[in-house]
Amino acid sequence: MWLSLALLTLLAAIALVTQVSGDSATTTGARPLVAGRAPSPWTRVQQTLVAPGPWLVALAFFLYSGQWLAVVGFLPTIYNQAGYSGVVVGVLTALAAGINMVGNIGAGRCLARGMRPGVLLSTAYLAMALGAVVAFGAQGHPVGQYLAVLVFSGVGGLIPGTLFSLAVVLAPGEATVSTTVGWMQQFSALGQFLGPPLVAWVATQTGGWHWTWVVTGSCSLLGIALAAWLQRAWADRALR
């Protein structure tokens, strides 16, 4: 499996080099670099951490990644406890994770067609909130629960694609795009580190999964508020 993934990565790199041409002009909305005055790595880190844009996209990714991994990551445990076989659980979980790509790709399509990033983010966080409520709360209805997980993951996939686009625009400058994306990735990893243990703790304290939607729902509500903030920041940058 690892060798297959390595081969796919190599093929993707070859496709990138041979099929994607470089941009001749800056179209990201970030301020361009001045020739001969590239800042040092430490300066770029400082510029990134004192600007609001990188923090906004990082926190938004944190609120997404923690609840996504909590729901999809615990899916095998939930269905195994319900008596499903390992093969069935594996297929269901793979589909729930794979459908996330639909949202990832759809975000790019929607942004290219002029949809506002705040709308995409709010829609995705709302879908995740409702999906988690059904997935964890509709005990005894496994088909409905699973369909809710697919909505949770598929529509929720709009968030990463939108945030990667916003990270480029809201970076303090062209030189800080990489550090802005890196900061966002750090918070993505932090969400994945903290989210599942928190959900597991709630499930342990309440004696089941039926109240864990409170954790994911809270993340989604905060995400919706943050989406409005990101929309304003994006609009302000577009007017410059």
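# Reading helices and buried threonines

Biologist: Threonine 48 counts as buried, because its relative accessibility is 1%. In which helix is threonine 48 found, and which residues does threonine 48 touch beyond four places away in sequence?

Modeller: This is a predicted model, in which local features need pLDDT of at least 70 and side-chain atom pairs count only at pLDDT 80 or more, while totals for chains, interfaces and linings use all residues. Residues are numbered from 1 along each chain as its sequence is written, and side-chain values use heavy atoms, with hydrogens and water left out. A residue is called buried under 20% relative accessible area, exposed over 50% and partly exposed in between (1.4 Å probe, protein chains only). Threonine 48 is found in helix α2, which covers residues 41–50, where a helix is a DSSP run of H or I with at least four residues and a strand a run of E with at least two, numbered from the N terminus. Not counting residues up to four places away in sequence, threonine 48 touches Pro54, Trp55, Pro172, Thr176, Thr179 and Thr180, contact meaning heavy atoms within 4.5 Å.

Biologist: Are threonine 93 and threonine 162 buried or exposed?

Modeller: Threonine 93, which lies in helix α5, is buried with a relative accessible area of 16%, and apart from neighbours within four places in sequence, threonine 93 is in contact with Val72, Leu75 and Pro76. Threonine 162, placed in helix α9, counts as buried at 0% relative accessibility; leaving aside neighbours within four places, threonine 162 contacts Ala107, Leu111, Pro117, Leu120 and Leu121.

Biologist: How should I read the packing of two helices, and at what angle do α5 and α8 pack?

Modeller: Two packed helices are described by the angle between their axes and the distance between the axes. Helix α5 (residues 86–98) packs against α8 at about 30°, with the axes 8 Å apart; the axes are lines fitted to C-alpha atoms over the stretch in contact, and angles run from 0 to 180 degrees between N-to-C directions. Helices α5 and α8 are therefore roughly parallel to each other, a label for angles under 35 degrees, whereas over 145 is roughly antiparallel, 65 to 115 roughly perpendicular and the rest oblique. In this contact Leu92, Leu95, Ala96 and Ala97 of α5 meet Tyr146, Val149, Leu150 and Ser153 of α8, and by class there are seven nonpolar residues, one polar and no charged. Here Ala, Val, Leu, Ile, Met, Phe, Trp, Tyr, Cys and Pro count as nonpolar, Asp, Glu, Lys and Arg as charged, and the others, Gly among them, as polar.

Biologist: What is the crossing angle of α8 and α9?

Modeller: The axes of α8 (residues 142–156) and α9 (residues 158–170) cross at roughly 15° and come within 5 Å, which makes α8 roughly parallel to α9. Gly154, Val155 and Gly156 in α8 meet Leu158, Ile159 and Pro160 in α9, and the residues of this contact divide into four nonpolar, two polar and no charged.

Biologist: Turning to the whole chain, how many helices and strands are there?

Modeller: The chain has 11 helices and zero strands. Its radius of gyration of 20 Å is close to the 18 Å that the globule rule gives for 240 residues, so the chain is as compact as a globular protein of that length; the radius is taken over C-alpha atoms, and the rule is 2.2 Å times the number of residues to the power 0.38. Along its principal axes the C-alpha trace spans about 65 × 40 × 35 Å, and buried residues make up 39% of the 240.
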